[in-house]
Amino acid sequence: MMKAHTPAPQLRGPSDHDVRDQIVEAATKYFGRYGYGKTTVSDLAKAIGFSKAYIYKFFDSKQAIGEVICSNRLSTIMATVDEAVTGVPAAPERLRRMFKALVEAGSYLFFHDRKLYDIAATSASESWPSVGAYEEHLKALVLQIVRDGRELGEFERKTPLDETVNAIYLVMRPYINPLLLQHNLDNAADAATQLSSLILRSLAP
């Protein structure tokens, strides 16, 4: 008996990916001008020249579009932070550079792309997956720095590792979380320097 042939699943072609990119690019410009909260999918459809139904073929909601834009912006910040600490052997200096780069990148986005910053703030307040991935990346970076510092004798080893990492992240959080940073911009640069020093004193062996 011949086995029934099961057709291979249909994958999105390059043209579909191009359309998704086109929608995201247009939405980034539109949100950047008018703001995320005040824009509807219908507004985007008119601006791009697509029907609303056609956009829903690629994104099931406005939030789904915002998620991609937010993820792109947060990925840029993460890349900036990774670059700032790459090649720096001393763990204390890496921690200082990480905190400084995070505050500078977040502040730059706030002052230069305010309406796009608002998407990141919205994502933080509504716990979008993109913000969750961003926070996990930063926690992993803190974990690696602390672990390296302990192995090199630069940091104390008595406090449980997970407790140390969580405490450091909680100190940093008001200055790196998009929703919270907007309320701490006046002293963010000084706070990054002073809190880094405080954290490092607490980690001294």
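Which residues in helix 7 meet which residues in helix 8? I started my notebook with that, and kept in mind that I was looking at a predicted model.

**Entry 1: helix 7 and helix 8**

I looked up the helix 7 side and found Tyr134, Glu135, Leu138, Lys139, Val142, Leu143, Val146, Arg147 and Arg150. Facing them in helix 8 are Leu161, Thr164, Val165, Ile168, Tyr169, Met172, Arg173 and Ile176. I sorted the residues of this contact by class and got 11 nonpolar, one polar and five charged.

Next I turned to the geometry. Two packed helices are described by the angle between their axes and the distance between the axes. Helix 7 spans residues 129-151 and helix 8 spans residues 161-176. I noted a packing angle of about 130 degrees, with the axes 10 Å apart. That angle is why I wrote down helix 7 as oblique to helix 8. I also recorded that the crossing of helix 7 past helix 8 is right-handed.

**Entry 2: helix 4 and helix 7**

I then checked helix 4, residues 62-85, against helix 7. Their axes come within 9 Å and cross at roughly 10 degrees. Angles under 35 degrees count as roughly parallel, so helix 4 and helix 7 are roughly parallel to each other. From helix 4 I listed Glu67, Cys70, Ser71, Leu74, Ile77, Met78, Val81, Asp82 and Val85. From helix 7 I listed Pro129, Ser130, Val131, Tyr134, His137 and Leu141. By class, I have 10 nonpolar, three polar and two charged residues in this contact.

**Entry 3: what the record says**

I opened the unreviewed UniProt entry, which places "domain: HTH tetR-type" at residues 17-77. I found that stretch to be 77% helix and 0% strand, with its end C-alpha atoms 24 Å apart. The unreviewed entry in UniProt also annotates residues 40-59 as "DNA-binding region". Those residues are 65% helix and 0% strand, and their end C-alpha atoms lie 13 Å apart.

**Entry 4: confidence**

The mean pLDDT of the protein chain is 87, and 93% of its residues reach 70 or more. I marked residues 1-14 for caution, as pLDDT stays under 50 there. For residues 1-14 the model has three contacts beyond four places in sequence.

Notes
Residues numbered from 1 in each chain as written. Predicted model: local features only at pLDDT ≥ 70, side-chain atom pairs only at ≥ 80, totals over all residues. Heavy atoms only, no water. pLDDT = per-residue confidence, 0-100. Contact = heavy atoms within 4.5 Å. UniProt positions renumbered as here; feature names shortened; annotations may be inferred. Helix = DSSP H or I, 4+ residues; strand = E, 2+ residues; numbered from the N terminus. Axes fitted to C-alpha atoms, helices over the stretch in contact; angles between N-to-C directions. Parallel < 35°, antiparallel > 145°, perpendicular 65-115°, else oblique. Left-handed = near helix turned anticlockwise from the far one by under 90°. Nonpolar A, V, L, I, M, F, W, Y, C, P; charged D, E, K, R; others polar.
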